[in-house]
Number of protein chains: 2
Amino acid sequence: MIRIAVDGMGGDNGPAVVVEGAVQAANDFEHLEILLVGPTDILKAELNRHKVLGGKITIVEAPEVVGMGESPVAALKKKKNSSIKISIDLLHKKEVDAAISAGNTGAMVAASTLTLGMLPGVKRPGIAITIPTMHGMCCTLDVGANLNPSAFELFQYAIMADVFARNIIRKKRPSIGLLNIGEEESKGTEVLKEAYKLIRDSSLNFIGNIEGRDFFTGKADCIICDGFVGNVCLKMIESILETMISMISREIRKNPISSIGAWFLQPALANLRRDTNYEEAGGAPLLGVNGNVIIAHGISSARAIRNGIRVASELVTTQANNQIVEAIAPYLHQIAAPRNSQAAA
Amino acid sequence: MIRIAVDGMGGDNGPAVVVEGAVQAANDFEHLEILLVGPTDILKAELNRHKVLGGKITIVEAPEVVGMGESPVAALKKKKNSSIKISIDLLHKKEVDAAISAGNTGAMVAASTLTLGMLPGVKRPGIAITIPTMHGMCCTLDVGANLNPSAFELFQYAIMADVFARNIIRKKRPSIGLLNIGEEESKGTEVLKEAYKLIRDSSLNFIGNIEGRDFFTGKADCIICDGFVGNVCLKMIESILETMISMISREIRKNPISSIGAWFLQPALANLRRDTNYEEAGGAPLLGVNGNVIIAHGISSARAIRNGIRVASELVTTQANNQIVEAIAPYLHQIAAPRNSQAAA
């Protein structure tokens, strides 16, 4: 039995959608026990609208909620009994094996980092998302937890992305690309040049620097970048399909022949919408913290919550965190060197 | 008469394409005199294949060429008579009013910065590109000249982008957005928080932070960012249309009904390809240097070169650089303050 804490109050769509997603997961995966965390009365009312046929769902009381726009650290200080904090506390006390929230991302990162601490040897956590490409899914790390990573932190992201890609998106020997402004080793900032060397000299399947144009081609199974550029790219990608469909629709309206075509094209566009939908990935693991934590998209649908719970259970069964600790250990003696050389640069 | 130096040897497609573009510009814009810079024999042979009906084209000898992959500063030192260096020298000696090259971007930036110097008060140059959105063109600055701008440099980019958008993409009072990972003023790095305040407190039409999803919506007429994230986004955008068409085509092949639609859709996709094509923008001004410099895309077609020459002549006629100097002057007393506060952060 795998036990997963689900923040019942997280996300833009409220508890109705989260509870529906939890019920879907419980019904689809019998080996799960889901602990819905939040105000008991609200969650009970939602739960009563569904039939739980498979796994088990119980409610854990958490009277407070961190709002989506609240300052993470201030909110966590003020609201000791928020659904986010209590979910992470359950994980810390090992009463669950994983925790997931579609709520305030910053609060989830802060609560996880402060309460769970880091995996042995890991310097900073990173949010790993999967992006659909022309050749399957691609893992991008980090997309928002660490805006100014050091070279060694980027190197650790490469190690963690490799573990994630092998276990969750099932790539045998994932190719690792470092996001940069050119392919040559000499490109980019001093931090990137140093990170390039660290990844190149490791046992990872490093394919060198990749550029913005390589996001969709599937050139790399894992894209390593700082959390700022990763976050901007992620949001751009999320908006692309809708923008392209709007632009195509506008062109179509200008041209009567094209408008005939558009009608026939509907099924293809519907498939494309599905394939490029964040719902299937379900949630982004917060890698590096000492516990299995999934950050779901704020606009998560019930289907996305269900899939996020699935990814959480896969992190548990594959023991991804143990693999990260093992993979990082051989390189820990390098920490001092790159940090000093950066400071001197 | 406006005189423009065109690097005859720049770009992936060689002198044939550059010369063809120069001829198109000369024929379309009678007020131009184009100085083709490069090895005389090669350029003369290419020029003989065309009829110059409108403006005037002359050749200026430059026996050396900087390769696309060469290290910029080393190449400029070694090759004193490269087509890039001589083009910029012509501009420095005021023998031309503007210079354009589709060659090595780094060499063009270095030659311009070292030979021409900066406009009075401007700290660092920035490359400004125009991106098609749902509501017209949008200016993004910087896309690769400055990977780690200070807050004050970002503020100067906002001022320069405003001048560019008013004069070249003809927006009356351009809206300015600062690229960040969230809309709130408290988001992002210390540099971005400081830049936010500087732009907000200026007379610019600042609409606050914008996110990756806002690139295509036309939410801002100008997007201000560091050269690293700008470069990654630019390359992603360039690859998007082809990727989307490939993905749509693949979906279509799976479904016979959609394939009927695809045939009818061709004209709409062709229009979309044209509208999102870098060719129409033609080239990216290197703003901030003391002279009108245009950096054209390495893969420029003849049409793109022709349009780059058009943008160069518009920089000259609108006296954009004079406007930049005037717009920046009132804020020069602020330079000391933000730099100190950054160092303390």
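The radius of gyration used here is taken over C-alpha atoms, and the globule rule puts it at 2.2 Å times the number of residues to the power 0.38. For the 345 residues of chain A, a compact globule would come out near 20 Å, and the chain has 21 Å, which agrees.

A word on the background: this is a predicted model, in which local features need pLDDT of at least 70 and side-chain atom pairs count only at pLDDT 80 or more, while totals for chains, interfaces and linings use all residues. Residues are numbered from 1 along each chain as its sequence is written, with chains lettered from A and ligands numbered from 1 in the order in which they are written.

Here is chain A as a whole.

| Property of chain A | Value |
|---|---|
| Helices | 13 |
| Strands | 11 |
| Box of C-alpha atoms along the principal axes | roughly 65 × 60 × 35 Å |
| Buried residues | 58% of 345 residues |

Helices (H or I, at least four residues) and strands (E, at least two) are DSSP runs, numbered from the N terminus. Buried means that 20 or more other C-beta atoms, placed from the backbone, lie within 10 Å of the residue's own.

Now let us look at helix α5 of chain A, residues 105-116. Its 12 residues should span 16 Å at 1.5 Å a residue, and the end C-alpha atoms are 16 Å apart, which agrees; the expected span is 1.5 Å times one less than the number of residues. Of these 12 residues, 9 are buried, among them A:Met108, A:Val109 and A:Leu116. Their cover includes α3 (72-78), α4 (83-92), β4 (98-101), β10 (284-287) and β11 (292-295) of chain A, where contact means C-beta atoms, placed from the backbone, within 7 Å. After α5(A) comes A:Gly117, with a positive phi near 75°.

Definitions and conventions: Contact = placed C-beta atoms within 7 Å.
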